[in-house]
Amino acid sequence: MEKIELTRNPFIKTALKSRYPQLAVFIVMLVGYIFAILAGLVGTPVGSHNFSIVFVWIAWWAILILVAVPFFGRGWCAVCPIPLPGEWLQRGAILAPPDKKPKWLNRRWPRALRNIWLQNISFLLLALFSSVLLTTPNITGIVLAAMLFAAIGLSIVFERRSFCRYLCPVGGFIGLYSQTAPLELRIKDKKVCAACEGKPCYNGSAEGYGCPWDVFPGGLTKNSYCGLCMECIRTCPFDNIAVNARPFSADLAKPSARMDEAFKAFIMLGSAMIYAGVLLGPWGTLKDAAYNVGTTAWFIYAAVFLSVIFIVMPSFFALCVTRFENIDRFKKRFATLSTALIPLGLMFWVAFSLSFVLTNASYILASLSDPLGLGWNLFGTANLAWQPMLTSILAPGQTLALVGGLIWSGRTAQKAAKEATVSPVPVIVYCFIVTLAMLWLLI
Amino acid sequence: MRSYLLLLLFAMAGLVVAFAPLPVLVIAPQERTFRIDARQFAYSPSELAVNPGDHITIQLVSTDVVHGLYIDGYDVSAEADPGQTATLTFTADKQGSFRFRCNVTCGAMHPFMIGKLTVGTNDWLLRSAGLAVIAILGVFILVKRN
Amino acid sequence: MKRSELLSRILVVAGMLLAVGAPLIFWTRTPLIHARMADTGGWNPDILQAEVGKPLELHFTSDDVVHGFAVGQLDMEAVDVEPGKVTDVTLTFDKPGTYTFYCTRWCGVNHWRMRGTIEVSGLDVDSETTPTVPLYVTLGIDIDAPHEANAIPENRPSAVRGQQLAASLDISQFSSPDFYRANSPYQIFEGLNSTDLTDTEKWDVVAYIWQSNTTVDALANGRELYAQNCVACHGESGEGNGVFADDLAAAGEASMQSMNGSMDMAMQTPADFTDTSCMLGASLALLEGKILRGGMGTGMPMWGSIFTEKQIQDLIAYLYSFQFEYQR
């Protein structure tokens with residue numbers, strides 16, 4: 001299968017290049033985001049009837065993990081409102097750059113933190129408190145507000161979208177999984193970039209800003225760190241940047257050998273399994289432990305959570321890839337082969353999310369009519385009864401996702417193993433075993 | 001063997017595993033009664049196992065606040081105030097594993113107040129495990145070929 | 001600045017102000033009464049004001065679990081107060097005074113403590129309402145003293161048999177409401193010593209006397225009241241083993257002392273209505289006293305401001321049915 005250049009279509013090209021459609025979406029998203037913060041802080045404390053819980057953890061999450069990430073990669077990042085106020089302050093403008101003098105401090109992000117470890121940590125922080133976060137409106141409101149203010153603060157001190165690139169907990173896994181998506185932004189012709197002076201795609205020009213994601217578009221080979229903000233399409237003087245449709249998981253054919261990304265894969269895989277057991281399983285003690293933050297039980301839960309992710313799962317994986325030779329070669333092989341866990345993790349999250357989304361989607365329509373729990377009935381749907389949806393397709397859907405993910409990860413392991421000159425069989429067996437475990441937890 | 005023939009073979013094996021009727025062990029249906037205590041946020045017992053065709057009675061006893069019990073797939077439910085046992089009766093005519101959950105908002109972790117009812121064998125889990133095995137065999141064969 | 005920039009800035013700021021302002025404005029302008037489990041606050045606000053004859057519009061929402069709302073002594077249908085949803089209630093009061101409103105769906109061991117007051121001001125149209133003194137006070141009964149019966153029946157007394165036996169007796173003295181209310185079943189059993197019935201037969205007559213002072217409807221009403229208010233602690237079998245019995249017993253270890261400094265009014269397991277000696281040694285006045293006044297720290301709620309007189313009588317009639325076999 002070949003790539004299809006979507007930006008060849010003049011309508012698509014204009015829509016992406018023009019700032020107005022993007023701004024319209026931005027305004028809607030930002031207003032919705034701020035409303036969610038307020039709803040969480042002043043609305044009803046009952047999660048299922050509060051806009052912040054229903055629209056963040058059910059509606060937005062469903063769209064993110066079932067549609068945006070698998071099909072559009074970092075598509076959510078393209079419309080996310082979190083960086084916007086900070087970026088507008090940073091630029092001193094909302095639409096076009098009036099001048100190129102940098103506002104505020106504009107510092108370079110520290111070298112030692114130029115990786116996704118901070119994102120791994122921020123995701124884990126949310127994950128350990130997830131039972132409280134997912135069910136308590138004011139906590140969700142506070143977390144959303146904290147992310148917004150963190151982004152504004154970072155934009156004032158550092159250059160570009162530092163929050164998005166190095167801190168955002170969601171961006172960490174969206175970036176990792178975007179490698180599997182059938183959408184990409186790439187340059188058309190390398191020679192054009194080689195001859196280009198000034199590189200306005202990275203440094204900015206009168207047409208737009210330099211890449212807010214601190215990526216050199218001319219060197220983009222993977223989706224991981226491109227946030228699809230379209231700034232480079234506006235600045236490139238040679239129209240050398242395109243958005244393409246492509247086969248799934250094209251980026252995984254060129255596995256990165258980074259440990260931070262490898263551990264992100266374990267974090268996502270492990271947390272999907274733990275959530276499936278704790279949240280969707282019948283074991284009350286686990287739920288109590290996960291919810292009662294601060295108790296001994298919760299500390300034990302947190303310790304188990306972290307050891308599963310950082311010790312248990314990686315250790316078994318290490319056994320699958322080691323040839324008991326020098327540590328550097330081993331680390332490279334470990335990181336390269338962990339690429340196989342990327343499609344598997346994505347499908348684990350799809351399968352897990354399908355369950356609670358289908359069970360609770362009926363809250364969405366009700367919440368639209370009464371977002372704050374004040375007794376409104378804006379669209380007449382406030383009294384719709386809770387009713388799980390499509391329960392008959394849930395188990396088949398989860399099976400499809402998990403078995404499909406297994407095949408996908410097996411193929412990815414095969415290709416990555418070729419790079420790492422080792423047999424993919426142990427890794428494939430590893431994937432098989434965790435898939436069986438996830439099937440048992442979910443079905 | 002040619003690639004597409006192999007693919008066809010695997011696809012057929014997959015369809016068989018997914019859809020072929022499994023042998024059903026016919027056990028005479030019984031009357032079964034279970035007492036389930038409900039608290040924030042768990043059922044006790046939280047896992048039930050019955051045979052297909054059994055006539056089930058669940059006595060739901062709430063021990064702190066008002067709870068409900070709704071069974072996925074069967075779409076039946078009951079609601080119990082603390083102290084007033086509620087009774088839910090139905091015939092377990094669908095085989096497989098079904099989660100039951102609380103359908104009366106009972107606090108923060110209400111959406112995760114879940115138990116499991118298994119009627120007969122969890123067919124679908126066996127089938128998906130089988131499909132996973134076929135998938136893995138397929139991947140291994142591909143690995144060998146390359 | 002370009003026009004597009006200005007316009008977009010206006011839109012962004014307006015949007016953000018709307019997103020912040022709308023929830024705040026609507027939230028402050030919507031007068032809601034929040035219901036929470038007693039341990040986390042109960043009713044908020046819990047003191048309401050009203051005027052005689054003026055409809056009082058109330059809007060309730062629950063912040064956690066299913067609650068219910070009713071006003072005591074008004075014989076009103078309870079309404080459910082559901083989490084995240086709003087329930088509207090309009091009340092109109094005929095008489096001034098202090099009314100108690102309470103939660104009607106069990107919401108934890110402290111459910112009964114979830115109460116508030118409505119202070120209704122205005123003129124009392126007919127001032128014939130003088131507070132009645134409970135019978136146990138008039139009679140001087142110490143309702144906290146033990147009340148074991150000195151003798152108990154071997155089998156459950158049957159009112160049907162009692163009716164047949166009583167046909168040939170003159171029991172008008174014992175079955176008059178005044179006598180029946182002031183004396184325990186045991187005392188009436190003793191009073192029947194003047195007849196030549198066997199002990200079993202005497203108990204059957206006592207059962208019949210109790211049955212004749214109530215009706216089938218009253219018993220059904222009493223059963224309903226018991227289910228809604230008592231069963232959570234006292235149990236469906238009346239044995240005092242309801243779902244909260246263990247919590248109460250556990251709390252007893254660390255509960256408050258009575259004013260006398262002793263532990264005899266500590267929280268304890270709920271009363272066992274199947275305990276024949278205790279029940280048959282308790283007069284209606286005594287039981288009424290316990291229900292009206294509550295347990296003074298034992299965990300037994302006081303229902304004086306909640307139940308009407310009829311409701312209490314119906315409930316007590318039902319309680320005796322744990323001991324007596326009434327005609328269906």
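Predicted model: local features only at pLDDT ≥ 70, side-chain atom pairs only at ≥ 80, totals over all residues.
View 1. In chain C, the assignment gives domain 1 as residues 33-121 and domain 2 as residues 135-320. A distance of 30 Å separates the C-alpha centres of domain 1 and domain 2 of chain C. Contact between these domains involves 9 residues of domain 1 and 9 residues of domain 2. On the side of domain 1 of chain C that touches domain 2, 4 residues are nonpolar, 4 are polar and 1 is charged.

**View 2. The contact between chain A and chain B.** Chain A contributes 37 residues to this contact, and chain B contributes 30 residues. Six helices of chain A each give two or more residues to the side that touches chain B: H7 (130-135), H14 (259-280), H15 (284-291), H18 (341-360), H20 (391-420) and H21 (425-442). The greatest share comes from H20(A), with 10 residues. By residue class, the side of chain A that touches chain B holds 22 nonpolar, 13 polar and 2 charged residues.

**View 3. The buried face of helix H19 in chain A.** Helix H19 of chain A spans residues 362-369, and its buried residues are Tyr363(A), Ala366(A) and Ser367(A). Viewed down the axis of H19(A), these buried residues fall within an arc of 100°, so they line one face of the helix. Among the elements that cover the buried residues of H19(A) are helix H3 (51-72) and H18 of chain A.

**View 4. Strand S4 of chain B and its two pairings.** Strand S4 (residues 55-62) of chain B pairs in the parallel sense with strand S1 (residues 31-39) of chain B, over 8 bridges. Within this pairing, Asp37(B) has Val61(B) of S4(B) as its bridge partner. S4(B) is also joined to strand S7 (residues 86-91) of chain B, by 6 bridges in the antiparallel sense. Here Ile58(B) stands opposite Leu88(B) of S7(B).

**View 5. The overall form of chain B.** Chain B has 2 helices and 9 strands, and from the N terminus its elements follow the order α-β-β-β-β-β-β-β-β-β-α. The radius of gyration of chain B is 21 Å, well over the 15 Å that the globule rule gives for 146 residues, so chain B is more spread out than a compact globule. The C-alpha trace of chain B spans about 70 × 40 × 20 Å along its principal axes. Buried residues make up 43% of the 146 residues of chain B. Of the contacts in chain B between residues at least 6 apart in sequence, 66% join residues at least 24 apart.

Conventions: Residues numbered from 1 in each chain as written. Chains lettered and ligands numbered in written order. Contact = placed C-beta atoms within 7 Å. Helix = DSSP H or I, 4+ residues; strand = E, 2+ residues; numbered from the N terminus. Nonpolar A, V, L, I, M, F, W, Y, C, P; charged D, E, K, R; others polar. Buried ≥ 20, exposed ≤ 12 C-beta atoms within 10 Å, placed from the backbone. Arc of directions from axis to C-beta. Pairing = 2+ DSSP bridges. Domains from an automatic or database assignment. Rg over C-alpha atoms; globule rule 2.2 N^0.38 Å.
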